[in-house]
Amino acid sequence: MARVLLAVQSNFPDIRATINVRFDDGVERALQKSKSEYTVTSLLHREGTDPVLQSIQNLLHKLRKKPEAIVDAGGLGIEPMMYLFADTATNVVRKAIGIAHAYAPLASVN
C-alpha cells in the first residue's frame, strides 16, 4: 500500500494518505450512492513482480486530475481492492466513513 501511495504522490504531491478496502458490488454501489469519483485500473497488461502497482502506475499516466479513489478490479490470484486518497489521514478516514454509511443499508438488503 505504501508503494501505491508513493506512486500517486509522484503525480499528485498533495495526496498524503490512503486507505485500501476490499472491493465488491456493494462497495461500488456505495461509491455511486455517496457520489464518490473513482477510476478502475485496466485488467490488461498485468506484468512484473507487482502487477497491481504497475496497473495503477499505468493509470496515473492517463489521469488529468487527482484521484479520489482507484479501484483495482483484481484478477487471477488478485483480490479486488479500492484505494481511497486524500490530503490528510483524517480526510481519508472521513471519506471511508462516508462510503461505509452508504454501504451499511445496502449490505442489509443483500
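Predicted model: local features only at pLDDT ≥ 70, side-chain atom pairs only at ≥ 80, totals over all residues.
Local features need pLDDT of at least 70 and side-chain atom pairs count only at pLDDT 80 or more, whereas totals for chains, interfaces and linings use all residues. Residues are numbered from 1 along each chain as its sequence is written, and side-chain values use heavy atoms, with hydrogens and water left out.

The protein chain contains 4 helices and 4 strands, taken as DSSP runs (helices H or I, at least four residues; strands E, at least two) numbered from the N terminus. Along the sequence the pattern is α-β-α-β-α-β-β-α. Of the 110 residues in the chain, 35% are buried (buried means under 20% relative accessible area, with a 1.4 Å probe and protein chains only). Among contacts (heavy atoms within 4.5 Å) with a separation of 6 or more, 65% join residues 24 or more positions apart.

Ile-56 touches Val-4, Thr-41, Ile-70 and Tyr-83, residues up to four places away in sequence not being counted.

In H1 the buried residues are Val-4, Leu-5, Ala-7, Val-8 and Gln-9. These pack against strand E1 (17-22), H3, strand E3 (69-72) and E4.

Leu-31 belongs to helix H2 (residues 25-33) and is buried, with a relative accessible area of 0%. Beyond its neighbours within four places in sequence, Leu-31 contacts Phe-23, Ser-36, Tyr-38, Val-71, Met-82 and Ile-99. Leu-31 and Lys-95 are separated by 64 residues in sequence and by 10.0 Å in space, C-alpha to C-alpha.

The largest pocket is lined by 14 residues; Glu-37, Lys-65, Lys-66, Pro-67 and Glu-68 lie nearest its centre. A pocket here is an open set of points on a 1 Å grid over the protein atoms alone, where a 1.4 Å probe fits, with protein on both sides within 12 Å along at least five of seven lines; lining residues have an atom within 4 Å of a point. The lining comprises 7 nonpolar, 1 polar and 6 charged residues.

Conventions: Buried < 20%, exposed > 50% of the residue type's maximum accessible area, 1.4 Å probe, protein only. Nonpolar A, V, L, I, M, F, W, Y, C, P; charged D, E, K, R; others polar.
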